[in-house]
Amino acid sequence: MKLRPEQVAAKLDRPGPDIRLYLFHGPDTAGALALAARLAKGVGEGAERVDMDGAMLKARPGLLADEAASMSLFGDARCIRVTGMGEESVEAVTLLLAAERAGNPVAAIAPTVKGTSKLVKLVTASLNAVAVACYVPDAAQAAKLAVTMARDQGLRLLGDVPDRLAAVTAGDRAVLASEIEKLALYLDAAPDRLRDADGEAFDAIGASIADAELGGIVSAMIAGDAAAAALPEMPGGAIPVLRAVARRLLSLAEMRAEIDDGESVDRVMERHRVFFKEQAATATALRRWDAARLARALERVRDAERAALSGSGLGEVMTAAEAIAIARAAARGQ
């Protein structure tokens with residue numbers, strides 16, 4: 001089955017025994033993970049989580065059906081989460097849906113899988129599986145999401161703060177939630193203590209960096225220049241760099257998807273209003289980066305940003321490593 005947006009919440013909050021697989025597909029990995037977490041909560045606060053990935057299922061296709069039918073050692077509820085699922089998991093999903101029984105729901109995260117894939121067609125044709133398309137919200141949707149999430153934290157976003165939050169987080173729900181939590185902490189807000197968050201408060205928790213220097217670093221990463229992508233000591237820290245890279249990767253991913261659907265590179269760049277001085281570099285990047293590699297790079301950038309936001313001290317190290325890794329990945333695409 002394919003769920004409409006208004007049907008998703010009820011299915012996840014009150015999962016029924018008839019649904020064996022919840023497939024969250026599309027490039028919004030953070031959104032998919034949030035939906036998988038909501039499903040786990042619907043299964044039960046104390047539910048045991050079993051983690052798997054697409055590579056495991058490719059090697060052992062029957063493992064998914066076996067785990068879905070297995071009982072917890074203490075008889076507690078279980079929820080299975082599969083990350084990195086792709087077309088290689090079609091056999092595993094087929095076995096799960098055809099199994100005699102399966103008592104534990106499966107949440108599958110498939111960021112590179114398109115709606116026209118064999119996997120999605122298999123799931124939507126089944127009565128005991130559901131597919132949910134997860135796309136990064138556009139600017140307007142992300143701004144509305146920011147307002148809703150902020151209200152839950154006791155914040156009333158004023159002026160252009162919703163739009164600014166949407167812009168700096170590039171629609172990533174996990175990063176957006178972290179920024180809102182920082183705002184709430186700064187303003188001592190809570191559901192029972194409503195506070196106004198204006199531009200001044202937003203500026204107080206933000207960081208800035210020289211746009212020209214940052215743009216040059218991002219361009220070097222995308223172009224495959226590992227030497228130029230090596231990060232100097234940046235006064236604004238890791239976050240601005242990672243967000244700029246994420247915005248660039250998202251833009252390329254959108255254009256790459258249109259090219260994969262048959263559009264010409266020139267027509268796509270015209271539609272996306274690529275600045276004329278950047279057209280040659282953008283065209284080269286679109287030839288080097290395919291959709292799957294863009295999705296993987298974006299996921300790694302988001303992982304580094306979450307590490308930076310966690311305060312673990314790993315953010316700067318991961319950012320420097322990802323800058324070189326992205327540049328080398330682009331170079332290999334030549």
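**Helices, then the sheet**

Select H7 and helix H9 (residues 173-187): their axes come within 10 Å and cross at roughly 45°. Axes are lines fitted to C-alpha atoms, for helices over the stretch in contact, and angles run from 0 to 180 degrees between N-to-C directions. That makes H7 oblique to H9 (under 35 degrees is roughly parallel, over 145 roughly antiparallel, 65 to 115 roughly perpendicular, the rest oblique). Now show side chains. Ala142, Leu145, Ala146, Met149 and Ala150 of H7 touch Arg173, Leu176, Ala177 and Ile180 of H9; contact means heavy atoms within 4.5 Å.

This is a predicted model: local features need pLDDT of at least 70, side-chain atom pairs count only at pLDDT 80 or more, and totals for chains, interfaces and linings use all residues. Residues are numbered from 1 along each chain as its sequence is written, and side-chain values use heavy atoms, leaving out hydrogens and water.

Ala139, Ala142, Ala143, Ala146 and Val147 of H7 meet Pro162, Asp163, Leu165 and Ala166 of H8. Helices (H or I, at least four residues) and strands (E, at least two) are DSSP runs, numbered from the N terminus.

Next, the sheet. Five strands form an open sheet in the order E2-E3-E4-E1-E5, paired in parallel; strands pair if DSSP finds at least two bridges between them. Strand E2 (48-53) and strand E5 (129-133) stand at the edges, each with a single partner strand.

Last, zoom in on E1 (residues 21-25) and E4 (residues 106-110), joined by five bridges. Find tyrosine 22: its bridge partner in E4 is alanine 107.
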